Structures are given as C-alpha cells and as structure tokens.
Amino acid sequence: MLFFYRFWRGFLRIEIKGDITEKLLNICAKNGIPLWNIKRRGKAIRCYIAVGDFKRLPRLLAKSGLRVHILERYGLPFFTERYKKRYGIPVGVAVFFAFLTFMSGFVWSVEVAGNGNVPEKDIIAECKELGIYAGIRKDEISPASAKLQLLLKDNRLSWCAFNIEGCYLTVDVTEAKKKEEDNSVPTNLKAAADGIIKKIDVTSGNCIVRVGDTVAAGDILVSGIEERAEGTRFVHSIGSVTAATEREITVTANYRQKKKLKTGRIKTKRALSFFGIKIPLYLGSEKGTYNAETSVKALKLFGKRLPIEIYEKRFEFTEGIEKNYDRNALEKELERLFSEKVKLEISGDFEVKNREIDEIEGGLRLKTVVLAEENIAVQDIMLFNTGNS
C-alpha cells in the first residue's frame, strides 16, 4: 500500500554531493522528511524522496554546502505530464469504457448447471433453437417463457430455470427420473431366435415351455394369461429363458480393396469466434482427402467465460490406395470381419461348430455356424380384439 501511495503522489531518486553529505540525513530527520533506499556511492549519497518533501529541500539546504541532483522521476504526476498532449490515450480509455458499457447489455456466455446424463451441448443447442444464445440482448430474454419452452422441448428435463448474473446466463436444470418398466401392461415372452431350452427363470406369467423343448423364433415362451380358480388374469410376464442357439454368420471380402492410408501430413487451422461470428485466422481451403477433428476452447477471465472462443481444426491427410490380398491374407481379413460381426450379434460366449470358405466373384466368403447359450425371451405386448369394427 505504501508503494501505491508514493506512486500516486510521485517520488524522485536523487543524489546528494558535498563535503559532509551526512548533513542531509540529519536535516531530513530533524524536519520529518522520510528518505528510503539510502545508498552511498563514493562521497555521494543516493536515495528516494517524495515530490512534496523534495520541494522543501532548497530552503533547508540553503547554507549547508550540499548539492542535490534529480536522477529519475517516478509516479502518476510525471506519467500524466508526459502524455497529457497525446489525446489518443484518453480517447482510447473513453472508447474502451463505452464499449464495456454497451457490451454489458448482452449475454456473453450460456452455461448449464445440474445436468448429469443430458449433455450440456444438447441443452445449449435447444436454447439456441428457442432464440437464446451468447450475444442476445438480456432484455430480450423472458426467463419464465424460456423455462416452459425448454421443458416442452426436452422431456429428459423435469425442471429448469434461466438465471442472469451480470453478462452470464446459467441454465439450471433437474433431470427427469427414468420411467420404470410398466408392469401393468399384459405381455407375453416370445423367442427371439431358434433354440433348445436350457434354463428357465420366470417370476411372473404362465410358462408354457420346459427345459429340453425346441422352439422357433416367434414362439410364445411365457404367456401373460393365467387361469385361476377365481377366473382368468392378464399379467405382465417377467423372466428369462436361456436356450442353446445356432446361428450362421456370413462375411465376404474382395482380393482387391480400396483403402485410405494416413500420409503423416497434419495441418492445423484456427478461427476466432466472437458472439458466434467466426473469423478465420487462415487463408484458403484444404484440398484432397483427410480426416478432420474440431476442438473448441473458450477464453476465460477470473474463472468466467468470455464471449470469445478459439476453434481449432486438425486435418490429418490420407491417400487412397488399392490393396491386393493373396488368399492367406484375405482369410485373415475374413477372420477379423467375423470377430467384429459376432460381437454385435452375440453378447455372451460362443463356440464355433462349423466354418466354410467359398470362392465368390473377386473374393472369398466365410460362413461360420456358431453355438451359444443366451437369453432369447423378449417382451411382446398382448393385443386384444374388442369386437368393435
């Protein structure tokens, strides 16, 4: 604080010369004039003194035989004196504050709080569709109306609120709880695939198959109709039916294939976004084939987002080549394609029963028969004929 006070009032770095320079220290101490950073340089003394106190020195040193020289000047008075005729500085300061005043009427950024499963980018995109985005005037936003529109637009939200603090808009949300399965709807359990029943675990419904039975896709495994002494009941069937299934998985590949290989050439281009208006920081466009990834970095000040974003687009160039396979290499490629496809069709363990490789025009075809044990029971809502036409 002392430094800022001295800077505000102005201070000097001076040098005192004379026969007995220590006289100055005694004179200043006697008259209450503070000096600091006092250093001896030969017979001279150098130190710092406030501008107001320096003006008192000529009278106090009139008959001392000491000479005082100003070495450097510091502080706001000297700065303003130096630039008082440079009108661009005060004009620039005035324009800067006028710009801040004007910009304070706009929303600088839109942020989301309280979301967990719903991505922030989805909510911001929905707000933009409602006409609420970074750059809109604050007086054009109706929080109550925006709240209702957002809730109608996104059924993943159960509550939301639009809060404006300064130039920042925060969308506070509460996500809707996932609806539990409606067990009041009568359903059957049907077979999703052909198989031989290995295990049954049913907690609701009338099971009409037994372990060892052979079923086809679409057959009813568990009925939602229960016959009891008090009458017929329609229930929501719940359970799992594990069956040994047999599937044929087919993949094909050609001897000559077109592929894209990375050349190793990478280029990055950037753009500046101000209130959603993109200003490219590059010239020209890229030609050829490439894979592109875009990342966005928002600038922050004191932890708050500014309405300025840096878009960075990374180009990874590729070239198309025609790759020729021999039979051994093509068979390995078929194995890879089979592994990818079987993971999509079968979730659990499986066993290969049989496989055949056939020649086709321009390539090979791999047919694989796999055995697996899986839950084949799927829900099927029961439809009732009311007799009305």
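Reader: Glu 312: what is its relative accessibility, and how does it count?
Author: Glu 312 has 28% relative accessibility, so it counts as partly exposed. Buried means under 20% relative accessible area, exposed over 50%, and partly exposed in between, with a 1.4 Å probe and protein chains only. Note that this is a predicted model: local features need pLDDT of at least 70, side-chain atom pairs count only at pLDDT 80 or more, and totals for chains, interfaces and linings use all residues. Residues are numbered from 1 along each chain as its sequence is written, and side-chain values use heavy atoms, with hydrogens and water left out.

Reader: Which side chain meets Glu 312 in a salt bridge?
Author: That of Arg 270, at 3.0 Å from N to O. A salt bridge here is a side-chain nitrogen of Lys or Arg within 4 Å of a carboxyl oxygen of Asp or Glu. The pair links distant parts of the chain, 42 residues apart: Arg 270 is in strand β16, Glu 312 in strand β19 (residues 304–324). Helices (H or I, at least four residues) and strands (E, at least two) are DSSP runs, numbered from the N terminus.

Reader: Is Arg 270 buried or partly exposed?
Author: Partly exposed, with a relative accessible area of 41%.

Reader: How many salt bridges in the whole structure?
Author: A search finds 26. One of them joins Arg 265 and Glu 286, with the closest N and O atoms 4.0 Å apart. Those two are 21 residues apart: Arg 265 sits in strand β16 (residues 256–274), Glu 286 in the loop between β17 (277–280) and β18 (289–301).

Reader: And those two, buried or partly exposed?
Author: Arg 265 is partly exposed at 46% relative accessibility. Glu 286 is buried, with a relative accessible area of 13%.

Reader: What does Asp 358 pair with in a salt bridge?
Author: Arg 365, the closest N and O atoms being 3.8 Å apart. Asp 358 is partly exposed at 23%, and Arg 365 is partly exposed at 27%. Elsewhere, salt bridges that share partners join Asp 122, Glu 126, Asp 154 and Arg 156 into one network.

Reader: Where is Glu 126 found?
Author: In helix α7 (residues 120–129). Glu 126 is buried, with a relative accessible area of 12%. Leaving aside neighbours within four places in sequence, Glu 126 is in contact (heavy atoms within 4.5 Å) with Leu 150, Lys 153, Asp 154 and Arg 156.

Reader: New topic. What is the strand order in the open sheet of four strands?
Author: The order is β2-β3-β1-β4, with antiparallel pairing. Two strands pair if DSSP finds at least two bridges between them. The edge strands are β2 (36–41) and β4 (67–74), each pairing on one side only.

Reader: How many bridges join β1 to β4?
Author: Seven, between β1 (residues 11–17) and β4, which run antiparallel. Ile 16 stands opposite Val 68 in β4.

Reader: Now pockets. What volume has the largest pocket?
Author: About 590 Å³. On a 1 Å grid over the protein atoms alone, a pocket is an open set of points where a 1.4 Å probe fits, with protein on both sides within 12 Å along at least five of seven lines. Volume is the space filled by probe spheres set on the points, which are joined across faces, edges and corners.

Reader: How many residues line the largest pocket?
Author: The lining has 22 residues, each with an atom within 4 Å of a point. Ile 124, Ala 134, Arg 305, Glu 309 and Tyr 311 lie nearest the centre.

Reader: Which element gives the largest share of that lining?
Author: β19, with six residues. β5 (109–113), α7 and β19 each supply at least two.
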